[in-house]
Each structure stands twice: as C-alpha cells, then as structure tokens.
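Please look over the model below, and then follow the report that comes after it.

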Amino acid sequence: MSGPPATATTVAAVLPTAGTRGVLSPIGGRDVRVTGGFWAERARINREATIPAGFAQLQAAGTLENFRLAARSARDGYRALGIMFDKPFPFLDSDVYKWLEGAGWELARADDPAIRAMADEAIGLVEAAQRPDGYLNTFVQVLTPGNEYRDLQWGHELYCIGHLVQAAIPWHRALGDDRLLLVAERACASIERELGPGVSEGIDGHPEIEMALVELYRATGERRWLELATTFIDRRGRGWLGKGRFGRGYWQDHLPVREASAAVGHAVRQLYLDGGAVDVAVETGDDALLDAVHRRWRDMVETKTYLTGALGSRHKDEAFGDPFELPPDRAYAETCAAIASVMLAWRLLLATGDPACADLIERTTYNAVLPSLSTDGTSFFYVNPLQRRTHRTWLEPGEGQRAPWYACACCPPNLMRSIGSWHQMLATTTTGGGVQVWQYPSAEIAAGDLRLAIDTDYPWSGTVRVEVLDAPADERTILLRVPAWSASASLRDAGGETGRRDGASIVETRRWQAGDRLELSLDVSPRVTLPDPRVDAVRGCVALERGPLVYAIETADLPGGVDLEDVRIVDGAAPRDEQRPDLPGRTTGLAIDGTAAGQQVEVQAIPYFAWANRGPGGMRVWIPRADS
Ligand SMILES: [Zn+2]
C-alpha cells in the first residue's frame, strides 16, 4: 500500500495573463490549443451542451429578465428562485456574468453563431441595465433603490461587479470586443467613488472584486484599479464587517490578510480573497503578502483538503472545518470552492513556481471540479460528498443526483467558465523562453518561437509524447512536471534516456530542432491510498487511485443483493485495471478483491468524476479494510 495522503498532500476562469513579477508567465489562450483526447471531449460538451443549457436556465429562472426590469426602472417583478434573510437572493447577476465569461472563452476557442447570439442578447441586457452613473446591480435597482452600497455585508454588489469584470476579460483579450469592458469600467468607477481610498472604510462581505480589479488594471493599464484592489486587501481583517451570523472568520475579517495563518470560514470567500491577494502581491512586489498566502495555502492543502481536492466540511456556513475534520459523507465540498482553489493555485504557481500548485490543480480539476458535471453536460452537483449512503437513495432521491439548475446557481456557470479556460493553465514560460508543461492533455503549445505538440492518452495512460514543431536557434529548456503520485518517471529521446530530474520535474536544455521528439513515462498503475490517521471519519478505510484520478465504488457495479455498506477491501489486495466499455468515453475502471457479508466479491471502482450517471444508488471513495 502506498503512503498517506488523506488530505492529498501532495489547486481559471480569469487568468492573470499579464502578471508582471511572477516567477513564471502564462501563455495566452491563443497559444495553447487542446487537440484531442479527454479534454477535447470536455470542451466539446461545454460548447455543445453545457453553455446552451445554462443560457436556457438563465432565461427560465428570470435571471436575465431582472436586467430588463432594471433597464426600465421597474420596481417589482424581480425574479429569484431563492430567499436569503426574507429577501430574494441578491447575487444572481453574477450567474449571467459567469455564463458570459464561459461563453467568451469558448468563442475564443472557435466561433459559434448560436453561442454568439445568446451572448449578444445577454450583453445587450447588461448594457441597458447600467445606470448613467455607472451603478449596476439589478437587485438594488429594482427592489431597494437608494440602498446602493449600504448592505456591504450581504448585498454582494462588489462581488457581482467582480464577476462582470472577469466576464469582460475574454471578450476584451481574446475577442477584441470591449462592450463588457466599458460597462465594467463604469461600474468600477462607481465603486471607487463610493468606497475608494479616503472615501470610506467599506469592504464587500464576499471577496471577488480584488482579483477582478487587478485583472482590470492588467487589461487597461490604469493603476487606479490596482490601488483600489490593494485598498480592499488592506482594509480586510479589521472587523469592519462585524460578526454577522457566523463570526468574523466567516468573511475573513478576523485578522489582516498578511497575518492570518490558517484558511478559515466560508471556503469560497477565503479562496477568492487569497487569489486577489496573490494578484496584488505580484503586481506591487509585496513579497510579505505573497508569503502569507503561500503559507496559508500549504496549511490548507495539508490539513483541510479532501483526497479529491475538495474543500469545506461544514454545511451550516459553507466553511472549512477544523484541521483534519474531513468526513466523507458530510462533506460540503462546494463545486465553487474547488474552482476557486484551482484559481488560487494557478496564481500561486505563476507567482512562486511551486510545482505542488500544479499537482493540486490537477487533483482538484479531475476529482472535485469535473465530478459536478453529468456525462451529458446539462446537470450539476453543488455539493460533492465522498460518500452517499444507500438508504438515502429512497429517503431523499433527488439529493444524490445532479440537478439542471439551482436557486443559488453559483456553481453551474462557474463550471462553464472553468472548463472554457482550463487549457490556459497547461503550460507557462519564463523570460529566457523556456516552457514548463504542467498538465497533460493532447495539445499544441507556443511559448514564443518554441512550439510543441503533445500527444497522449492521459489520464488513462502515463505516456506523454512531446514533439518540437518549431524552435529558435538558441538553447531552450523544456520542463515537464512529475506528479507527486507517480512512483517513477523517465524521459527518453531517439538516443535513449535523457533529461535531468529536478525535484518535481524533469528538465532538458538544448538547441531544439523541429521534429525532435521526447517521451515522458509516468507511472499510472493503480494504487491503494491510506488515510492520514488524524482524519477520524475514514480511519480503517482505503481509497483507490490511478494516475491523477480518485476512484469510487457505486451500487450499480455490485453483484445483486450486495449492500455497498457491507463491502470491505481485502488487506494487501492490489487493484487492477479493467476497461469499462459500458461507460461513456474511454474509461479505465479498477477491480480489487473484497468481501461483503462474509462472501468474496470482486469490487469494481470507477473514476469518482463519473459517479451518479447510472440512476440512484450508494457511492463511497473511502472503503473499509476487511481486517478493520
Ligand atoms: Zn457554488
């Protein structure tokens, strides 16, 4: 059996493509193209199914209609499927913005007249709803006019504008369309007038505007946006928001951002805040701020992260639990928290070059972001527990199934923008022109004049073939990440073994020529993972993993009459590969010797991301050992 990580010891949406002081530089979206395999299929589903379905849901839920109401200064008719503190949800505008961001990234990959028509309609509504003074929030405009920036604790006004800014980025940067950017700049000017330096001490109860303002600075070159972001980071942690319903830690207002040592409170809030703090640190050269976030991130990864990369074990306040409080069945593990974790890890990777960040991006993407989406791409999980007891199948039949939409629909459009932009996190470059490959889909990557093609059946295979398509005359370094889960790694070229192992990477420096080929071999053989003994809820259990994937067992794969809760793994048994033509796409399952109620059974496991696509039933990632 292999060693622990119970807490995965081993984290895009908006990409800081102009980060000026980080160790690594991102490669713009146009210079990275997924060419086939696992991720090409995810992109196809996002484009053909998920994004169109999302638009239909925004129409049906009335979220788009609210912009029409605001545009004509209506005072009633506000549409919301959910209630918070006796009022309709105030944050629904962000669903439209996140959808527009996802649509923008997909259109940047390739034009699509249907998506473009939907996006044009949505952009027109957003433009029309903005007041002449730049203010934009349909909830306040329709339901509580006069209350602008008065309910910073719960109103989510800055949070929504943050998502508007992020939506504007792909349209500006990749499509050359500045309609949303102009709306976003006017909205941010309105925030600056009310809450800017020297005007007031206010901060938003839900961080998000910080990352967005830094990106707006990168897009426009206007330093006022970086200063406003820095102001919001500096103001936080001084108790301005009060205790609210869940205490100061809930919205990270308990300690200054530079001083807090642990990730606490509402998981998405903490992760968006830290993403913004990294952005500010990189642009202002604030190493102390960067170090504070990196330290907090390491503590979170080591003590508060599920094996899947998921975050948040408390349902009540959507919060991180205590260290090692990681129950699989009661996991909250919100899809948005996993997405936010990927966004933060990407920023930290660029800022520090820490390869553990790329490991966490991989683990979290495959095992905490993708599981939220159904195979057909049109239904979604909000929470992503690692265990579902069989009896809940008839107690609460809907709970274990993905839903086409949610009253609080933060997760589905967040997923759309993430899948639409994930390929931009595959590789980075450095000032010398070298390229660092962090993730392994089949793709073409251009790092300046060094152009590579990657061909692989990853994540099912650990063989990654790299071909140089174009190269400059001088020496360049190609770095390939070796994931922490791979027990071995080797690099070969036509002459045999090559490359130099450097920590969590293999690097090779030379004068490259078009046609040069490298082959990276990673060890994706299936493995048994033991939990950290401090995670009480899974003591005596093991998990099955293969390459970057966490596996789960499901009722649908058990022999008739066997209860999922009775299944045990025989101690010392080794999992073996098993092709699963019954599942959509190419899927490698696992099989391992087990027992159930005293009988020997072959236990079959499937990738956790594929669970809950075959009707109601039980599921578990952590499986008891037979001798426990
Ligand atoms: Zn969410």
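## Helices H9 and H10

In this predicted model, Leu226, Ala229, Thr230 and Ile233 of H9 meet Leu273, Gly276, Ala277, Val280, Glu283 and Thr284 of H10, where contact means heavy atoms within 4.5 Å. By class, the residues of this contact of H9 with H10 divide into six nonpolar, three polar and one charged; Ala, Val, Leu, Ile, Met, Phe, Trp, Tyr, Cys and Pro count as nonpolar, Asp, Glu, Lys and Arg as charged, and the others, Gly among them, as polar. Helices (H or I, at least four residues) and strands (E, at least two) are DSSP runs, numbered from the N terminus.

H9 covers residues 223–235 and H10 residues 267–284, and the two pack at an angle of about 130 degrees with their axes 10 Å apart; axes are lines fitted to C-alpha atoms, for helices over the stretch in contact, and angles run from 0 to 180 degrees between N-to-C directions. That angle makes H9 oblique to H10, given that angles under 35 degrees count as roughly parallel, over 145 as roughly antiparallel, 65 to 115 as roughly perpendicular and the rest as oblique. H9 passes H10 in a left-handed crossing, a term used if the near helix is turned anticlockwise from the far one by less than a right angle, with right-handed used if clockwise.

## Helix H1 and its partners

The axes of H1 (residues 37–61) and H15 (residues 411–421) come within 10 Å and cross at roughly 150 degrees, which makes H1 roughly antiparallel to H15. Their crossing is left-handed, and the contact is made by Arg42, Asn46, Thr50, Ile51 and Gly54 of H1 together with Met416, Ile419 and Gly420 of H15. By class, the contact of H1 with H15 has three nonpolar, four polar and one charged residues.

H1 also packs with H4 (residues 113–129), at an angle of about 30 degrees and with the axes 11 Å apart, and H1 and H4 are therefore roughly parallel to each other. The crossing of H1 and H4 is left-handed; Arg47, Ile51, Pro52, Phe55 and Gln59 in H1 meet Ile115, Met118, Glu121 and Ala122 in H4, a contact with six nonpolar, one polar and two charged residues.

## The zinc site

The zinc ion is coordinated by Glu334 (OE), Cys336 (SG), Cys410 (SG) and Cys411 (SG), at 2.0 to 2.3 Å; donors are N, O and S atoms within 2.8 Å of the metal (3.2 Å for Na, K and Ca), and water is not among the atoms, so sites may look incomplete. Along the chain, the donors of the zinc ion follow the spacing E-x1-C-x73-C-C.

With angles of 97 to 118 degrees among its four donor atoms, the site of the zinc ion is tetrahedral, a label for four donors that applies if all angles lie between 85 and 135 degrees. Ideal angles for four tetrahedral donors are 109.5 degrees.

## Backbone features

Alanine 333 has a positive phi of about 50 degrees although it is not a glycine, and alanine 333 lies in the loop between H11 (287–303) and H12 (335–352). A cis peptide bond, with omega of about 5 degrees, joins tyrosine 458 and proline 459, and proline 459 is found in the loop between strand E9 (450–456) and strand E10 (463–470).

## Basis of the values

Residues are numbered from 1 along each chain as its sequence is written, and side-chain values use heavy atoms, with hydrogens and water left out. As the model is predicted, local features need pLDDT of at least 70 and side-chain atom pairs count only at pLDDT 80 or more, whereas totals for chains, interfaces and linings use all residues.

How values were computed:
Four donors count as tetrahedral if all angles lie between 85 and 135 degrees; four count as square planar and six as octahedral if opposite donors are over 155 degrees apart and all others between 65 and 115; anything else is irregular.
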